[in-house]
Amino acid sequence: MGSTPLWFAPVDDQFMTIWAQFPGVSPNEETGEINVRQAVLYPRKPGFNYFTVRGLVMRQAANPWALPTAEQIGLVATHWT
């Protein structure tokens with residue numbers, strides 16, 4: 001095994017299995033996090049320009065990368081396209 005982290009996730013009709021290697025790190029002493037949602041708050045229908053969220057603590061979001069000219073989907077998104 002080299003020093004470069006490696007992961008892959010084979011998928012079948014029933015399961016997705018995630019295999020990961022993190023050289024030099026003990027999985028018994030560190031935390032790993034897997035995100036399977038593209039967004040937490042995201043309207044089904046497009047056309048929202050804004051909405052207000054109050055009283056929630058939201059953190060550690062792993063939003064996908066997008067071009068600056070594309071819709072920016074993250075932890076909270078308006079579905080404006």
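This is a predicted model: local features need pLDDT of at least 70, side-chain atom pairs count only at pLDDT 80 or more; totals for chains, interfaces and linings use all residues.

Me: Let's start on the surface. Which strand holds Trp7, and is Trp7 buried or exposed?
Reply: Trp7 sits in strand S1, which covers residues 6–8. To count as exposed, a residue needs over 50% relative accessible area. Trp7 has 63%, so the label is exposed.

Me: Where is Ile18, and how far is Ile18 from Trp7 in space?
Reply: Look in the loop between S1 and S2 for Ile18. With a relative accessible area of 39%, Ile18 is partly exposed. Ile18 and Trp7 are 11 residues apart in sequence, and their C-alpha to C-alpha distance is 7.2 Å.

Me: Now for the rings. How is the aromatic pair of Phe8 and Trp19 arranged?
Reply: Searching the whole structure turns up one aromatic pair. Phe8 and Trp19 form that pair, with 6.4 Å from centre to centre and 10° between the planes. Planes under 30 degrees apart count as stacked, so the word for Phe8 and Trp19 is stacked.

Me: Which parts does that pair tie together?
Reply: Phe8 itself is partly exposed, at 44% relative accessibility. The two partners are 11 residues apart in sequence. Phe8 belongs to one strand and Trp19 to another, so the pair ties together parts in S1 and S2.

Me: What about Glu71: which side chain of opposite charge is nearest, and how far away?
Reply: Glu71 is in the segment after strand S2 (19–21). Glu71 is buried, yet has no salt bridge. The nearest side chain of opposite charge is 14 Å away, and belongs to Arg44.

Me: Then which backbone nitrogen does the Glu71 side chain reach?
Reply: A polar contact needs a pair of N or O atoms within 3.5 Å. The Glu71 side chain gets to 3.3 Å from a backbone nitrogen, and that nitrogen is from His79.

Me: How far apart are the C-alpha atoms of Ser3 and Phe22?
Reply: Ser3 is in the segment before S1 and is exposed, at 67% relative accessible area. Ser3 and Phe22 are 19 residues apart along the chain, and their C-alpha atoms are separated by 8.2 Å.

Me: And what separates the C-alpha atoms of Ser26 and Val53?
Reply: Ser26 is in the segment after S2 and counts as partly exposed, at 27% relative accessibility. Ser26 and Val53 are 27 residues apart along the chain, with a C-alpha separation of 38 Å.

Key:
Residues are numbered from 1 along each chain as its sequence is written. Side-chain values use heavy atoms; hydrogens and water are left out. Helices (H or I, at least four residues) and strands (E, at least two) are DSSP runs, numbered from the N terminus. Buried means under 20% relative accessible area, exposed over 50%, partly exposed in between (1.4 Å probe, protein chains only). Lys and Arg count as positive and Asp and Glu as negative; His and the chain ends are not counted. A salt bridge is a side-chain nitrogen of Lys or Arg within 4 Å of a carboxyl oxygen of Asp or Glu. A polar contact is a pair of N or O atoms within 3.5 Å; within protein, one must be able to donate a hydrogen and the other to accept it, and residues adjacent in sequence count only if both atoms are side-chain atoms. Rings of Phe, Tyr and Trp (its six-membered ring) pair if their centres lie within 6.5 Å; planes under 30 degrees apart count as stacked, over 60 as edge-to-face and the rest as tilted.
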